[in-house]
Amino acid sequence: MMRIECPWCGGRDETEFHYGGEAHIARPEDPDALSDEAWADYLFMRANPRGVHAERWMHAQGCRQWFNVLRHTASHEVVAVYPMGAPRPDHPETAA
Amino acid sequence: MTGPHRLPAGGRIDRSRTLAFRFDGRRYTGHPGDTLASALLANGVRLFARSFKYHRPRGVMAAGAEEPNALVLLEPGPFAEPNLRATEIELYDGLTAESVNRWPSLRFDLGAATGLMSGLFVAGFYYKTFMWPPSWWNRIYAPAIRRMAGLARAPREPDPEVYEHRHAHCDILVVGGGPAGIAAAHAAAAAGARVMLADERPRPGGSLPDGPERVGGEDGAAWAGRMLAGTSALLLPRTTAFGYYDHNFVALAERLTEGLSPSERAGRPRQRIWHVRARRVVLATGAHERPLVFPGNDLPGVMLARSVTAYIHRYGVLPGNRAVFLANDDSVYAAAREFARHGGEVAAVVDLRVDGTADADGLPVLRGAVPLRTLGRRAVTGIEIESEGAARRIACDLVAMGGGWNPAVHLFSQSRGMLRWDDQLQTFVPGRSAQAERSVGAAAGRFDLEGCIAEGAETGAAFARELGFDAPAPSALPERPHRPAPAQTAPPAGRGKAFVDFQNDVTAADVALARREGMHSVEHLKRWTTLGMATDQGKTSNINGLALMAAGLGVPPAEVGHTTFRPPYTPVPFGALAGRNIAALADPVRRTPMQDWQEANGAVFEPVGQWLRARYYPRDGETMREAVARECRAVREAAGILDASTLGKIDIRGPDAAEFLNRIYTNGWKTLAVGRCRYGLMLGEDGMVFDDGVTTRTGEHRYLMTTTSGNAAAVLDWLEEWLQTEWPELRVYCTSVTEQWGTITVSGPQARALLEPLVEDIDLDPAAFPFLSMREGRIDGVPGRIFRIAFTGELSYEVNLPWRRAAPVWAKLVEAGAVPYGTEAMHVLRAEKGFIVVGHETDGTVTPVDLGMERMLSSRKDFIGRRSLARPDSQRADRKQLVGLLPEDASEVLQEGAQIVETPGATPPVPMLGHVTSSYWSPVMGRGFALALVRGGRARHGDRVWASATTGESRVRIVDPVFYDPEGARLDG
């Protein structure tokens, strides 16, 4: 079980958190301007890297705040924790 | 003396006290400090169990957790614990144990006949032998095989024991209380680190008390005790680290009442599961001796060499009188010498290695010899070996084997560390770490005592330094002494069953057969033969199995690799894993304010999330259908009351609340006046219906949203997710107020008359208090709110009261003549009106258009899910759409979930047109009716199709989904 550093509450067990999938997928400003394909891409397509992955987590059994995590999907190493809206931090192992 | 094999002195047992116990009904005695295995061995008992598949006689092979054979059922009745290792059960007075997998008795076992037909039962036999006819598998073959195979039966009664869980954090967790682990714990604790030491044995010392070894002249166990006594390390004896998970999370099972009888342990937890998060982990888990693979190696009387020494030193038991030692490792010579020193006769030391160089030192050594087979029926009476090209027999009652040592790498491997094949040891040892841990001592393939202690101390200190504690700088570790390599495990020379996996009855021939049938991967080998899949997780078998596979394939064992080591290291009871989270504590219980009244008045409940909701209120002798029909009629003809307290309620406030609702809901919210209510539909971004409910504007910047009972938490999460992750600029705050407001729905033509006497300052006249509006006032003197909302189609008032003040109002309304109705009647009444219930009429694949709710979709704004409604798939004409169904046989109530098909009795594959989503008996129509989702259904009103269910096929007519009062004439009473 992973230990995740909540930016508000500190380190807590994974079981206190909700996983929210890939981070930095912004809702399109004007959905109507998108082709069906582009909309489907926003809806369904997600990266599935073996390596460092930017993803959203929420401290469901604590402060209930959403935040972003850089996590290595194979080693489960938590590389960075950063707030919603902040840009993805640079990391040498960052997957394309 | 407790048994003919008990030595006159020695052993770490309390000879001043005698304990009586029973095994298979016979009475024996032993001493405190004995295990069940040692006490039975002392009494000359050699036959402990029958094997899993062939029902072969089995005895004790080992002295610890790796024991594959001597499994017993401890205690009868509710206290029964199946498949415990006799080598780990601490003896107590009155202990009762039974052998497993034998019938009618251990000595005379009918199942042993399978051994005679064993040609049929080779690896993978059930995939081939019992193939025909196919229909026999479930009825005949599988039950018969299951009856014959297996170990102890699971207890049938509930477990009366309690178990608990505990969470802990430490700087350094040391697993294993042997020399290396103790040295590590001591060094780390001395530096000031918070240290936990988990040791599976009752007393620390690891292998030290098993043999004659001394630490600097001091008795090993005394050294262990002294080292720990002066430190702050928390020692957990009888505690097995059974799982190593991510981020140094290690699960421990502490056995708190081991060695106590059921009556002595009453009121105390049986086990405690520790959830430990450690900054560093030291794995000092030791090593297991490797068996040799030769015919008859499973006969009672064949033991591991170091285990023979352990029975002598730990328990004062000499497991045989005349022994042959089979040596593939120099450590066996020491075992032979200990046996001789304690009065045993060493008939021969058979060294499998041609180039063995160990000092014979007076022992009768045969170098380059191999065991051909054991002799004896139920226990060893001798062994046949081949030496210098000739077979010869040696009489003995004990065969002690030592094939080398396998580091216990289970936890290391679970931590996702990479194992490395070591030619010198002929086994896998820890390689590259994946987590913040290090293996030390025998677990790391190091077997010299001084070296193990030095390595442990060095690692403890190094970890402490890493964590910022002041610990001495590293010193050079002693060189690993040269150790002659054991020979690679080779296919047996003699004929007969040579066991690799004793617990699952997998033989060397099975491994060879698997290879011949193309199972070249170690993963295939495992699944085809079940090698390593028994309760012992292959502790004694995995390395031999893969070495045999490698030998057969002619490749190095490193190339064959190993299977995944999985938790638990040793079995953990389900009860321990569940802890206190059972029965009433399994899940939080939520109770409505009216639940006491409902229970007292005979309501029948149904679970809805964590709630129990009153489903119906049967009166004397009423069936469910009669009660529901009466409740429905009361609402349609007079007035009923429903406990709607479980509806999710979310207080939404902030200057941007209206804009937020506009984005979340499909319809528009900016024009809603204060005090007015509106039904809203929420979609997922994929356009599918997610939730629905009525939201009321309670103030200038304030709304009260209601959600379906089961979805309340999910909706709050949904709102928060959008606010926090996508629209942080919106000034909106959401608070769950579900348990602040108790809700009573008063519904029916008499609703107003019934409620009026209780209401002081609200005009209930529909003209003054129109449908879809809210009023605040006092109800029975209590400040509350009333909403004009109707899920039944009748004149309705939804009364919200402070949670704890709702029940008296409920009771007064009942006294005044309101008929309580439950969720079943509510469903009938709403379905008659064609109102959907999320989760009945929707399943995550249904759009508002499918439900005929286009009018709910605003065209003047964007909302979550809107763009998806324009996707080609959302626009298909043949999507499943909501319709009503009337069975041609009016008395019939269709089965929910029944499939809609065009014609009856069609030959599969039958095109599925849809399914029944809700189906009830309607008292007001006097007939059965249903809602359904049917392909292109809206264009098919009037068509006749068939509903096909397990109960049969029924002809039904597709109709409009609104069955009752389509004009809404009854809304205002």
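I call a residue buried if 20 or more other C-beta atoms, placed from the backbone, lie within 10 Å of its own. By that count I find 51% of the 973 residues of chain B buried.

**Basis.** I am working on a predicted model, where local features need pLDDT of at least 70, side-chain atom pairs count only at pLDDT 80 or more, and totals for chains, interfaces and linings use all residues. Residues are numbered from 1 along each chain as its sequence is written, with chains lettered from A and ligands numbered from 1 in the order in which they are written.

**Chain B.** I looked up the secondary structure as DSSP runs (helices H or I, at least four residues; strands E, at least two; numbered from the N terminus). Chain B has 23 helices and 49 strands. Its C-alpha trace spans about 115 × 70 × 55 Å along the principal axes.

**Contacts.** I take two residues as in contact if their C-beta atoms, placed from the backbone, lie within 7 Å. In chain B, 67% of the contacts between residues at least 6 apart in sequence join residues at least 24 apart.

**Side facing chain A.** I find 20 residues of chain B in contact with 17 of chain A. Helix H19 (residues 712-726) of chain B gives the most to this side, with 5 residues.

**H7 and H8.** I checked helix H7 (residues 305-315) of chain B against helix H8 (residues 331-341) of chain B; the axes, lines fitted to C-alpha atoms over the stretch in contact, come within 8 Å and cross at roughly 35°, the angle running from 0 to 180 degrees between N-to-C directions. Among the residues making the contact are Ile312(B) of H7(B) and Phe339(B) of H8(B).

Definitions and conventions. Buried ≥ 20, exposed ≤ 12 C-beta atoms within 10 Å, placed from the backbone.
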